[in-house]
Amino acid sequence: MIVTRELINHSITFRDSSNLNCPYTYMDLSKDVDAYKNLLQHKYNATVGQSVLIGEQSGRKQLALVFACLELGLTITIVDYGRKDNFQTEYFDPKTTLLLPIHYFIVSTADITDKFSFFNDACDTTIILADEALDYAPNQTVNAMPDTILLKCTSSGTTGTPKIVYHTHEFIFALVMRNAKMFGGVIGQAFNLSHGSSLATFFLPTLFSSGYRDWE
């Protein structure tokens, strides 16, 4: 089994915190998934197994990018290291080093901050969405297989040296479908995909749960 947009509860009404008065639907989100797939597949020649760091906060772009990457068989990279130096030096911490190479760093705009500069240097290619012309033509390509790596992150390192952790589509699918049964009501998401466990514990299960109608 693999994780694709088809698993999303099609009845959910989505609202971004920046504009709660402009809801969007599964079909609206699906068009964005197609646009980002076309960008990655046709302009950047993204291939199965390459890794992606999504530099977007919660919202429509983040959602669409996640599923574009998953369907193309790209590996989502979770960077959860809190840097005391506020990204102001060129020092690559052990966790970031473990996760390299990161093939694509995707952000809305080129905000010239220390954090942007750090990941712009650490990743092979930076994609700035504001500079891209998007093609919304339907894209039905699904390159992911059950054994394709869906997620890579690191262990906490609290009991020793951090280790890199890989999870396949098959594993995440089983975990997410189990967890989806535990949620219902209205869900609110904040921040980015900031911790390795959050994607399978909350992010995907709440999207796939039949018990939700509003997702903010």
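This is a predicted model: local features need pLDDT of at least 70, side-chain atom pairs count only at pLDDT 80 or more; totals for chains, interfaces and linings use all residues.
**Entry 1: a term, and the whole chain**

A residue counts as buried when its relative accessible area is under 20%, as exposed when that area is over 50%, and as partly exposed in between.

The chain exposes about 10600 Å², of which carbon and sulfur atoms supply 54%. I then looked at contacts with a separation of 6 or more, and found that residues 24 or more positions apart account for 70% of them.

**Entry 2: Leu 150**

Leu 150 is found in strand S7, which runs over residues 149-154.

Leaving aside residues up to four places away in sequence, I listed what Leu 150 touches, and the list includes Val 3, Leu 70, Leu 74, His 167, Ile 172 and Leu 199. Thr 75 is another residue that Leu 150 touches; although these two are 75 residues apart along the chain, their C-alpha atoms are separated by 4.8 Å.

**Entry 3: salt bridges**

How many salt bridges does the structure hold? I found 5 of them, and I followed several through the chain.

In one of them the side chains of Asp 34 and Arg 5 meet, at 2.9 Å from N to O. Asp 34 lies in helix H1 (residues 26-43) and Arg 5 in the segment before strand S1, so this pair ties together parts that are 29 residues apart in sequence. I checked the burial of the two partners and found that both Asp 34 and Arg 5 are buried. Arg 5 and Asp 34 also belong, with Lys 37 and Glu 71, to a network of salt bridges.

Asp 32 forms a salt bridge with Arg 60, and here the closest N and O atoms are 2.6 Å apart. This pair links distant parts of the chain, since Asp 32 is in helix H1 and Arg 60 is in helix H2 (residues 60-72), 28 residues away. Asp 32 is buried because its relative accessible area is 11%, whereas Arg 60, with 27%, is partly exposed.

The side chains of Lys 43 and Glu 132 meet in a salt bridge as well, at 2.8 Å from N to O. Lys 43 lies in helix H1, while Glu 132 lies in the loop between strands S6 and S7, so the pair ties together parts that are 89 residues apart in sequence.

**Entry 4: aromatic rings**

Why is the pair of Phe 14 and Tyr 24 called stacked? The ring centres are 5.4 Å apart and the planes stand at 15 degrees, so the pair is stacked, given that planes under 30 degrees apart count as such. Phe 14 belongs to strand S1 and Tyr 24 to strand S2 (residues 19-24), 10 residues apart, and both Phe 14 and Tyr 24 are buried.

Tyr 44 and Tyr 104 make an edge-to-face pair, with 6.4 Å from centre to centre and 75 degrees between the planes. Tyr 44 sits in the loop between H1 and S3, and Tyr 104 in strand S5, 60 residues apart; both are buried.

I then returned to Arg 60, whose charged end sits over the ring of Tyr 24, 4.8 Å from the centre of that ring.

**Entry 5: helix H4**

Which residues of helix H4 (residues 114-122) are buried? They are Phe 116, Phe 118, Phe 119 and Ala 122. These residues cover an arc of only 160 degrees around the axis, which means that they lie on the same side of H4. I recalled that an α-helix has 3.6 residues a turn, so residues three or four places apart point the same way.

What covers the buried residues of H4 includes strand S3 (51-54), helix H3 (94-99), strand S5 (104-107) and S6. Finally, I noted that Phe 116, Phe 118 and Phe 119 form one aromatic cluster together with Phe 105.

Terms used. Residues are numbered from 1 along each chain as its sequence is written. Side-chain values use heavy atoms; hydrogens and water are left out. Contact means heavy atoms within 4.5 Å. Accessible areas come from the Shrake-Rupley method with a 1.4 Å probe; for residues, only the protein chains shown count as cover. Helices (H or I, at least four residues) and strands (E, at least two) are DSSP runs, numbered from the N terminus. A salt bridge is a side-chain nitrogen of Lys or Arg within 4 Å of a carboxyl oxygen of Asp or Glu. Buried means under 20% relative accessible area, exposed over 50%, partly exposed in between (1.4 Å probe, protein chains only). The arc is that of the directions from the helix axis to the C-beta atoms. Rings of Phe, Tyr and Trp (its six-membered ring) pair if their centres lie within 6.5 Å; planes under 30 degrees apart count as stacked, over 60 as edge-to-face and the rest as tilted. A charge sits over a ring if NZ of Lys or CZ of Arg is within 6 Å of the ring centre and within 35 degrees of the ring normal.
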